Amino acid sequence: MSPAKADKSVYDGLPKKDRQALARELARIQREEERKRKRRNRIVLRTSLVVAAVAVVAVVGLAVYNGIRATFVGPANMASDGILFTGSGGGTAADGSTTQGTVTATTTAALQPGEQPTPSELDTSTVLRVTEYVDYASPDVATFETANGGALQGYVAAGYASIELHPVALEGADSYSARAANALACVANTTPDAGLAVHNALVAAQATLPAGGLSNDELVTLVQTAGVTDAATASCITGNEFSDWVADSTARAQASIPNSDVTALTTVPLVVIDGKAYTGGLDDTEALNSFITEVFSAATGATDTGDGTTDGSTDDTTDGTSEGTTPTE
């Protein structure tokens, strides 16, 4: 029982003066208990508010951290900083008709913040490995692709070659180069098999680019015309989702080029075939074909037939060609 609420019997037998003194003491004790109660309540309230505030800050901080972290995550299917395409090869059916080989992208996990890219590896003794570093604002890229892109992609479809595209932005952040590279990264992230079609569309658009290049909305239209119509890709393009990755991957290319005799990226297009950089004319298809024959022969041990082609095997394939035959035939 609280002293302040003691039974009135405690006063029995006490003189008036003592009863008054006892009443004053009990009142004092009651006031002290009330002060302690209020103080405890204030402490509990303040502690609760602090805990709640810390929880809110933690949630907001985690959201901000995750948001910032997400901007540094690379696109899926580009763990090498490029998107790799390989072909199934064509064939001849029983009725004598030929079938067109299909081209598909190699799928990979996304590059995480702080993680270094993993260079793609292919057996160059059987497949011609073509790696291209492209800036979609560059007229030189368009020149090379217009002259040679169709043939190279044909080699891929036939199963003779692979192509790995590395979009870069040599004009820096906030440039059309960066936004176009981001667009290809967005496609690689959601619809990788359409990456080659979007690459071709970006190359084709270079000849008529307005000042400042295409807007993000125009890039969405370009990508949709190329066959990628999902909302996630459009949102990725308009939101520049992979802009940080574009800057980082460009810087990495300018620092070093893996699996190549080139020290670093200084100009575009950089075309590396079986580890050797092509240095001939951008629109000189004969020079490129000779270069391909040279590096293919070195990789496969094939012999030059004297007519610009090579032959390294007598085994026939299903489409009537010979294994070890250069794609330039």
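Is Glu32 buried, partly exposed or exposed, and what is its relative accessibility? At 28% relative accessibility, Glu32 counts as partly exposed, where buried means under 20% relative accessible area, exposed over 50%, and partly exposed in between (1.4 Å probe, protein chains only). The model you see is predicted: local features need pLDDT of at least 70, side-chain atom pairs count only at pLDDT 80 or more, and totals for chains, interfaces and linings use all residues. Residues are numbered from 1 along each chain as its sequence is written, and side-chain values use heavy atoms, leaving out hydrogens and water.

Let us follow the charged partners. Side chains of opposite charge can pair when their charged atoms come close. A salt bridge here is a side-chain nitrogen of Lys or Arg within 4 Å of a carboxyl oxygen of Asp or Glu, and by this rule there are four salt bridges.

One of them joins Glu32 to Arg35, with the closest N and O atoms 2.3 Å apart. Both residues belong to helix α1 (residues 16-71), three residues apart, about one turn of the helix; helices (H or I, at least four residues) and strands (E, at least two) are DSSP runs, numbered from the N terminus. Arg35 is partly exposed, at 47% relative accessibility.

Helix α1 also holds Glu34 and Arg37, three residues apart, about one turn of the helix. Their salt bridge has its closest N and O atoms 2.4 Å apart. Glu34 is partly exposed at 32%, and Arg37 is partly exposed at 35%.

Now look at Arg252 and Asp81, whose side chains meet in a salt bridge (2.7 Å, N to O). This pair links distant parts of the chain, 171 residues apart: Arg252 sits in helix α7 (residues 243-255), and Asp81 in the loop between α1 and β1 (83-87). Asp81 is buried, with a relative accessible area of 6%.
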